[in-house]
Amino acid sequence: MASQLAYTPVEEIPKIHAELLSTFKSGKTKPIAYRKEQLAQLIYMIKDNEDRFFETLKADLGRPNFESEMLDTSITMSEAKYAYDNVEKWAKPERTPWDFNWFAMKPTIRKEPKGVVLLISPFNFPLFLGLAHMAGAIAAGNTVVLKPSELTPATAQLLAELFPKYLDPECYRLVNGDVPVVSKLLELPWNHILYTGNGRVAKIVLTAAAKTLSPVTTELGGKSPVIIDPRCDMKLAARRILWGKFSNAGQLCVAPDYALVPRAAQDAFLDACQEVYKSFYPVDPSSSDSFSRIVSEAHTKRIKRYIDETKGKVVVGGQADVEKRYIAPTIVKDVPLDDSLMEDEIFGPVLPVVPVNDVDEAIEFINSKDHPLALYIFSQDSSFKAKVANNTESGSVIANDVDIHVGTTDLPFGGTGPSGSGYLTGKYSFDTFTHLRGTLDNPWWVDAILLKGRYPPYTAAKTRTVRKAIAVSMPPRPGQKLGKRWGLWIVFALVSAISAILMKRQRQ
Ligand code: NAD
């Protein structure tokens with residue numbers, strides 16, 4: 001297995017872009033049958049090489065195979081298969097809702113591919129965040145460049161080997177490298193860029209894209225809080241939160257970042273966490289084959305510093321080995337709101353438990369920070385859940401579970417404000433990479449009935465007729481009630497009937 005990543009020469013990049021643009025213009029990616037064939041190839045690229053991906057993901061992230069299967073290979077194949085099954089339906093032209101003024105012109109939305117798409121993906125889920133999103137771009141009929149993270153070199157190198165074997169190189173290319181490679185990519189005009197990663201680099205991407213007027217979707221991160229209702233099922237909450245926090249060693253954009261717990265309920269929550277912790281790791285997690293490593297020494301040092309500097313009390317875990325890229329699954333209690341663990345997204349297996357007075361203080365704190373990518377509520381009380389959801393903002397708001405919404409069919413996934421812009425997964429990915437092209441086809445007889453009066457000279461008679469046609473049906477003023485307008489309805493029915501007869505005659 002290769003772990004040395006061969007970077008794409010920077011001077012190749014404009015050539016790759018030009019080739020993909022020329023293929024796109026040739027129309028090769030437009031037939032649905034072709035898109036489906038390539039989606040199937042993408043699925044088989046993973047299926048045929050799943051064991052090799054497990055190996056590379058283990059080398060890159062020290063990740064247990066089961067986690068790689070559940071959170072990377074399987075979910076990616078399922079996302080691509082969903083696109084495969086639905087692309088025909090999604091790509092069908094859509095008529096707009098019936099409207100008296102416009103129906104005769106058959107207003108229709110054509111679903112057209114945007115063109116040449118660039119996907120820049122991060123290290124934490126190299127397949128899902130690269131290939132699953134790419135499936136949406138293929139389904140939409142685009143040509144695609146995928147740029148995986150250089151921090152997962154083994155997986156990126158394997159993708160470089162497999163891409164030309166499975167996917168049509170005239171349409172889909174892998175580009176590997178770090179900052180100079182991304183910088184070169186960003187000099188070029190793209191018909192869409194999807195950047196998944198941190199907010200600092202997102203600003204670089206958006207600034208570069210502004211120069212070429214390339215549209216951008218950003219999938220970013222941030223600190224996703226959990227609010228605990230003191231009356232909730234603590235054991236269930238602890239099990240689900242710790243699963244979400246410790247999977248992939250906490251390197252999930254939607255991992256619960258910290259838990260806000262009413263002061264009086266902190267001990268009950270921690271007791272449940274300790275019990276769950278023992279059941280998850282009957283052996284020391286450093287020798288457990290159910291726990292991942294951090295992607296790099298630099299990220300390990302960053303997380304270790306948060307633990308070293310916390311003013312909270314480490315309840316369990318806390319050990320770190322930078323060389324081995326190991327941070328023990330860790331829970332810290334009595335964490336103050338201004339703690340080192342509360343500075344930035346942790347993106348590691350450390351759960352700060354932050355005591356608050358009540359749900360109002362929790363809401364106030366969340367609202368004083370950037371809108372999170374996800375907000376989690378553990379409660380069986382619908383008014384508690386509604387209170388949190390109605391008084392906060394976040395990419396998603398999820399009750400009684402964490403993380404799993406990313407894989408929920410046709411639930412839009414995306415951030416808001418600093419946690420990102422745009423929506424992905426399922427049909428939302430298809431839509432992200434699709435241009436909605438509006439069309440009308442206006443028959444001759446519309447001039448005879450509806451639009452005759454628009455042409456000069458603007459006589460008084462024409463003006464009267466057109467004014468009637470374009471008059472806006474006003475809503476009642478606040479506090480005022482409008483009577484029913486039967487007369488208008490009768491005129492409307494008559495004109496519709498005449499138009500329908502004329503349309504029928506035109507078709508004959
Ligand atoms: P990363 O370091 O792998 O970088 C992501 C991409 O940006 C890489 O392809 C890299 O080459 C490129 N890059 C890095 N520095 C650059 C620079 N200076 N100029 C141009 N390109 C550059 O991953 P990361 O950004 O650390 O990823 C972790 C972050 O991503 C976290 O904040 C996480 O929450 C977020 N994330 C979000 C989602 C989502 O779907 N919303 C998914 C995964 C991760």
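Predicted model: local features only at pLDDT ≥ 70, side-chain atom pairs only at ≥ 80, totals over all residues.
Q: Which helix gives the most to the lining of the second largest cavity?
A: The lining includes Glu-79, Tyr-82, Ala-83 and Trp-90. Helix H4 (65-91) and helix H5 (128-139) each supply at least two residues of the lining. With four residues, the top contributor is H4.

Q: How many residues in the lining of the second largest cavity are charged?
A: Among the lining residues are Glu-79, Gly-426 and Ser-429. By class, five are nonpolar and three polar, and the charged count is one.

Q: How many charged residues has the lining of the largest cavity?
A: This cavity is lined by 13 residues, with Asp-257 and Glu-345 among those that lie nearest its centre. Six of the lining are nonpolar and four polar, and the number charged is three.

Q: Is Leu-213 buried or exposed?
A: Leu-213 has a positive phi of about 55 degrees, although it is not a glycine. Its place is the loop between helix H8 (199-212) and strand E7 (216-219). The cut-off for exposed is over 50%. At 76% relative accessibility, Leu-213 therefore counts as exposed.

Q: Is Asn-400 buried or exposed?
A: Asn-400 also has a positive phi, near 65 degrees. It sits in the loop between strand E16 (396-399) and strand E17 (420-421). Buried means under 20%. Because its relative accessibility is 14%, Asn-400 counts as buried.

Terms used: Residues numbered from 1 in each chain as written. Heavy atoms only, no water. Buried < 20%, exposed > 50% of the residue type's maximum accessible area, 1.4 Å probe, protein only. 1 Å grid on protein atoms, 1.4 Å probe; cavity = no way out; pocket = protein on both sides within 12 Å on 5 of 7 lines; lining within 4 Å. Nonpolar A, V, L, I, M, F, W, Y, C, P; charged D, E, K, R; others polar.
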